[in-house]
Amino acid sequence: MMIDLLPGQVRELLMLGGPVIWLLTGLSVVALAVILFKLWQFWRAGLGRHAALEAALADWDAGQADKAQSATGRARSGLVPVLSAALASDGSAAAAERVDAMAEDAMARLEGGFRLLDAISQTAPLLGLFGTVLGMIEAFRAMQGAGAAVDPSVLAGGIWVALLTTAVGLAVAIPTGLMLTWFEARVAAERLWLAGALARVRAPLRPASPAAAGGTAPLQPLRAHAG
């Protein structure tokens, strides 16, 4: 059996904790798998690496549309399809809606799995508490059955086993919640950057007038006063 391959102490904890410990162990495996997948996905999508895309936007601001498109195609980022579509857009409302839909789809893919991690981080402590309550009920039932011949060491052992599920539940929930918070922060930063990039594409820089640039308007020739 698979349990025979585990170290002795881990195997003993699983046997003592009962079904709740087994369930929490399964949740921890699922959470770890999702976290590793999200790390790989973020790395492959180039999350936070915007140097090449910033260079393309700088070319776009300078009026070099072809160079901007070429620079965008060379970037290694999951946002390349969205930005390429924005640069090739004709400026119509339909094209803008299509680009916005692509952007939301890209963000939704990055947010995939967040709800599962959130459910695990919230459910694991409750499952641990549930296991503790069941263990305490069993410990006090055994104490009642022993009557006056209660062995304090047996009672303490039962309570220790009961509290084990709470400890395991917290051990699963805390790192899962921390990783979820970090993932959400990274995606929020990526969404903010993409919104700013699309705004720059849709409202490119234009040459400033001399007055707007801080200069003075050209002087008008003086008219001679009529005598």
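**A pocket, some ring pairs and a few helices**

The second largest pocket has a volume of about 230 Å³. A pocket here is an open set of points on a 1 Å grid over the protein atoms alone, with protein on both sides within 12 Å along at least five of seven lines. The volume is the space filled by probe spheres set on the points, which are joined across faces, edges and corners. The model is a predicted one, in which local features need pLDDT of at least 70 and side-chain atom pairs count only at pLDDT 80 or more, while totals for chains, interfaces and linings use all residues. Residues are numbered from 1 along each chain as its sequence is written, and side-chain values use heavy atoms, with hydrogens and water left out.

Which residues line this second largest pocket? The lining, made of residues with an atom within 4 Å of a point, consists of Trp40, Gln41, Arg44, Ala45, Leu47, Gly78, Leu79, Ala106, Arg109, Leu110 and Glu190. Two or more of these residues come from each of α2 and α6 (93–110); helices are DSSP runs of H or I with at least four residues, numbered from the N terminus. Sorted by class, the lining holds 6 nonpolar, 2 polar and 3 charged residues. In this scheme Ala, Val, Leu, Ile, Met, Phe, Trp, Tyr, Cys and Pro are nonpolar, Asp, Glu, Lys and Arg are charged, and the others, Gly among them, are polar.

Trp40 leads on to the aromatic rings. There are 4 aromatic pairs in the structure. In the pair of Phe37 and Trp40, the rings are tilted, 5.9 Å centre to centre with 35 degrees between the planes. Rings of Phe, Tyr and Trp (its six-membered ring) pair if their centres lie within 6.5 Å, and the pair is stacked under 30 degrees, edge-to-face over 60 and tilted for the rest. Phe37 and Trp40 are 3 residues apart in helix α2 (residues 19–44), so about one helical turn separates them. Phe37 is partly exposed at 44% relative accessible area, and Trp40 is partly exposed at 41%; buried means under 20%, exposed over 50% and partly exposed in between, for a 1.4 Å probe and protein chains only.

Phe114 and Phe183 make a stacked pair, 6.2 Å centre to centre and 5 degrees between the planes. This pair joins distant parts of the chain, with Phe114 in helix α7 (residues 114–146) and Phe183 in helix α8 (residues 152–202), 69 residues apart. Both Phe114 and Phe183 are buried. Ring pairs also link Phe42, Phe114, Trp182 and Phe183 into a cluster.

Helix α7 holds Thr132 as well. Thr132 is buried, with a relative accessible area of 7%. Beyond its neighbours within four places in sequence, Thr132 is in contact (heavy atoms within 4.5 Å) with Ala162, Leu163, Thr165 and Thr166. Thr132 and Leu163 are 31 residues apart in sequence, yet 5.2 Å apart in space, C-alpha to C-alpha. Met136, also placed in helix α7, is partly exposed at 23% relative accessibility. With residues up to four places away left out, Met136 touches Ile159 and Ala162.

Helix α4 (residues 65–74) has Ala68, Ala71 and Thr72 as its buried residues. Seen down the axis, these residues fall within an arc of 100 degrees, taken from the directions from the helix axis to the C-beta atoms, so they line one face of α4. They pack against α3 (51–61) and α5 (80–87). The face turned away from the buried side of α4 carries the exposed residues Asp66, Gly73 and Arg74.

Definitions and conventions. 1 Å grid on protein atoms, 1.4 Å probe; cavity = no way out; pocket = protein on both sides within 12 Å on 5 of 7 lines; lining within 4 Å.
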